[in-house]
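Visitor: I'm new to this one. Can you put it up and walk me through it?

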Amino acid sequence: MNTEQPLALLGGLTPSQFMQRHWQKKPLLVRQAIPGFTPCVGRSELVALAGQEGVESRLIVDSPKGWKMKHGPFAKRSLPPFAQKKWTFLVQGVDLHHDGVHALMQQFRFVPDARLDDVMISYATDGGGVGPHFDSYDVFLLQAHGQRRWRIGRNRDLTLQSGVPLKILQNFEAEEEFVLNPGDMLYLPPKYAHDGVAEGECMTWSIGFRAPQEGELARELLLGLADEAFDGVGEAIYRDPRQPAVMSSAAIPPSLALFAHQVVDKALKNPDLLDSLLGEYLTEPKAHVWFEGSENAPDLSKGVHLDRRSKMMYDERHVFINGESFRVGGRDARFLRQLADNRSLSASSCAKLSESAQEALRDWMSADWLKPAQDLPQ
Ligand code: SIN
Ligand code: CO
């Protein structure tokens, strides 16, 4: 992606300028980020998605008795009437289900794929919203249909109301206020308080991010290390030919403690293992994503493109796809990185891959991770 080209999407900033000035730092309001934006998902399509098993959705009603929240799937008849005010439903991961939404998300790939999460779409009737809150991750809020009034503020006090089924700030103080029209977009860094209220019927697309949390990442990597450590560490048994006779029989010998430290250090010092576990973790398919596999004979002759649900990344020594790692170098690495960056690879590049890399591509195609180029979404 060209990081030095000014983009309407970022209000005329280049991706580099945006990342330096705003990312994780301060909000940015962009009028007509996508001029003439006409969303490819309408109300009825969103309702249909929210009714599907395996699609994460929530219904939030701001009722006279307070906030109410339910998790989907929702049959259409279980939603409140569209004429009723102050309710909203939100569907997570729409990019996994819709090529047009997936295509829009690609415009945000000036942020690494490892940080990009999903597109959530909300529908709200007049006055609907999720209340004043903050999110832990960055977000771009793109107005897709109708109008929404956003009030935002830095709120030092992030105390949440107790006894409500959602995260609502107890003392929200707005510093700025804007009404967004279709095509307008608001970027907010993590923890920036915001409250978006629909003015009439409204749909908002949230391009959301993820960031590994220390404890979760440590757990994932250490579990992976525990599974794989035998290969890297070996089978040596602790020996103590210099162990003196002891009076304090219950005391653990310091040399045994040292052996334990050395064993763990040895496992952790295998850089290849940690790197491959990280890539496998970052490319793990989302919950509820399962690939059925393809019946067709794999065909690389027209080139290939990644299925929209596939996650592919790389580091210096590996490529990763959907939770699996492959050690690659040389020309294969160059082309497979191209596939990961562009999400497609031409027929002539496929033909230049080694036989074993072509075999891997055929396996990925049989698993439905990869599609033949003629099936490219329009
Ligand atoms: C919404 O679309 O209603 C909620 C988005 C957000 O505030 O993060
Ligand atoms: Co939010």
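Predicted model: local features only at pLDDT ≥ 70, side-chain atom pairs only at ≥ 80, totals over all residues.

Visitor: Which protein donors does the cobalt ion have?

Guide: H133 (NE2), D135 (OD) and H194 (NE2), at 2.0 to 2.1 Å from ligand 2. Donors are N, O and S atoms within 2.8 Å of the metal (3.2 Å for Na, K and Ca); water is not among the atoms, so sites may look incomplete.

Visitor: How are they spaced along the chain?

Guide: As H-x1-D-x58-H. D135 sits in the loop between strand 5 (116–124) and strand 6 (139–153), and H194 in strand 9 (residues 193–209), 59 residues apart. Strands are DSSP runs (E, at least two residues), numbered from the N terminus.

Visitor: Is H194 buried or exposed?

Guide: H194 is buried, at 2% relative accessibility. D135 is partly exposed, at 28%. Buried means under 20% relative accessible area, exposed over 50%, partly exposed in between (1.4 Å probe, protein chains only).

Visitor: New topic. What lies 2.7 Å from an oxygen atom of ligand 1?

Guide: A polar side-chain atom of S122. In H133, a side-chain N or O atom is 3.2 Å from a ligand 1 oxygen. H194 also has one at 3.2 Å.

Key:
Residues numbered from 1 in each chain as written. Chains lettered and ligands numbered in written order. Heavy atoms only, no water. Helix = DSSP H or I, 4+ residues; strand = E, 2+ residues; numbered from the N terminus. Polar contact = N/O pair within 3.5 Å; in protein donor to acceptor, adjacent residues only side chain to side chain.
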